Amino acid sequence: MAKLGKRTRAAREAFAGKENVSVEAAVELVKSNAKAKFDETVEIAVCLGVDPRHADQMVRGVVGLPNGTGKDVRVAVFARGPKAEEAQAAGADIVGAEDLMETIQGGEINFDRCIATPDMMPIVGRLGKVLGPRNLMPNPKVGTVTMDVGDAVKNAKGGEVQFKVEKAGVVHAGVGKVSFDEAKLVENIRAFVDAVQKAKPAGAKGSYMKKIALSSTMGPGVSIDIDSAAGN
């Protein structure tokens, strides 16, 4: 078994015996034990009582975090003519049509969010096997297939977070940076949890939110009291 470093041992000792703490206590614990040499992301993971193999139990949505993510989001837009110009004016990093499709097919994916106007979907649809597994496929349900490309680009760059339940029934996302004030992280966490709660599918049975955990990029996790995370 590999020997743990001093920093890892100290972090694990700090987290030992702490479970189902308040969201404020969790944020304080994660911030105080984030010792990496970069500004770590604060990550949330929500374990849900759903089976995403069933269509009526799929959980998917989008939320605008009130204090942003602290991340520089690179946005690609499939659009032509005036809509392409609108996307560029809004700050899109990459704008194109067939040329962008060919770039992606060639293995070059230099963006974190992909937006498309509806008329571009026949082109984008050819990229399903590439963009789908990376959760980058534009989808009208989360506002990334739209004629309002300018607003979509601004939202993506302004702190909007998409979420989608994984096969194991877990939803996770970055909700800020450890450099954020504690109050801002708490606000972001509660906004995210509220969005996941509102996305509860009709087919969900029994307990919907089973566990919530918070961690930094390089640090251990701590479970949060669900009522506290929901602001109750």
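These legends describe an overall view and several close-ups of a predicted model.

**Figure 1. Overall view of the protein chain, with nine helices and nine strands.** The radius of gyration is 19 Å, close to the 17 Å that the globule rule gives for 232 residues, so the chain is as compact as a globular protein of that length. Along its principal axes the C-alpha trace spans about 60 × 45 × 40 Å. Buried residues account for 44% of the 232 residues. Of the contacts with a separation of 6 or more, 73% come from residues 24 or more positions apart.

**Figure 2. Surface and charge of the protein chain.** The accessible surface is about 12100 Å², and carbon and sulfur atoms contribute 48% of this area. There are 32 positive and 29 negative side chains, and the centres of these two sets are 7 Å apart. Side chains of opposite charge can pair when their charged atoms come close. The structure contains nine salt bridges; the remaining views show some of them.

**Figure 3. Salt bridge between D51 and R53.** The N to O distance between the two side chains is 2.8 Å. D51 has a relative accessible area of 19% and counts as buried because this is under 20%. R53, by contrast, is exposed, with a relative accessible area of 74%.

**Figure 4. Salt bridge between K83 and E86 within helix 3.** The side chains meet at 3.0 Å, N to O. Helix 3 covers residues 81–90, and the two partners are three residues apart in it, about one turn of the helix. K83 is partly exposed at 21% relative accessibility. E86 is also partly exposed, at 29%.

**Figure 5. Salt bridge between K198 and D194 within helix 8.** Here the side chains are paired at 3.1 Å, N to O. Both residues belong to helix 8, which runs over residues 182–198, and they are four residues apart, about one turn of the helix. D194 is partly exposed, with 37% relative accessibility. K198 is exposed, with a relative accessible area of 66%.

**Figure 6. Salt-bridge network of K71, R74 and D112.** Salt bridges with shared partners link K71, R74 and D112 into one network.

Definitions and conventions:
Residues are numbered from 1 along each chain as its sequence is written. This is a predicted model: local features need pLDDT of at least 70, side-chain atom pairs count only at pLDDT 80 or more; totals for chains, interfaces and linings use all residues. Side-chain values use heavy atoms; hydrogens and water are left out. A salt bridge is a side-chain nitrogen of Lys or Arg within 4 Å of a carboxyl oxygen of Asp or Glu. Buried means under 20% relative accessible area, exposed over 50%, partly exposed in between (1.4 Å probe, protein chains only). Helices (H or I, at least four residues) and strands (E, at least two) are DSSP runs, numbered from the N terminus. The radius of gyration is taken over C-alpha atoms; the globule rule is 2.2 Å times the number of residues to the power 0.38. Contact means heavy atoms within 4.5 Å. Accessible areas come from the Shrake-Rupley method with a 1.4 Å probe; for residues, only the protein chains shown count as cover. Lys and Arg count as positive and Asp and Glu as negative; His and the chain ends are not counted. The place of a charge is taken as NZ of Lys, CZ of Arg, CG of Asp or CD of Glu.
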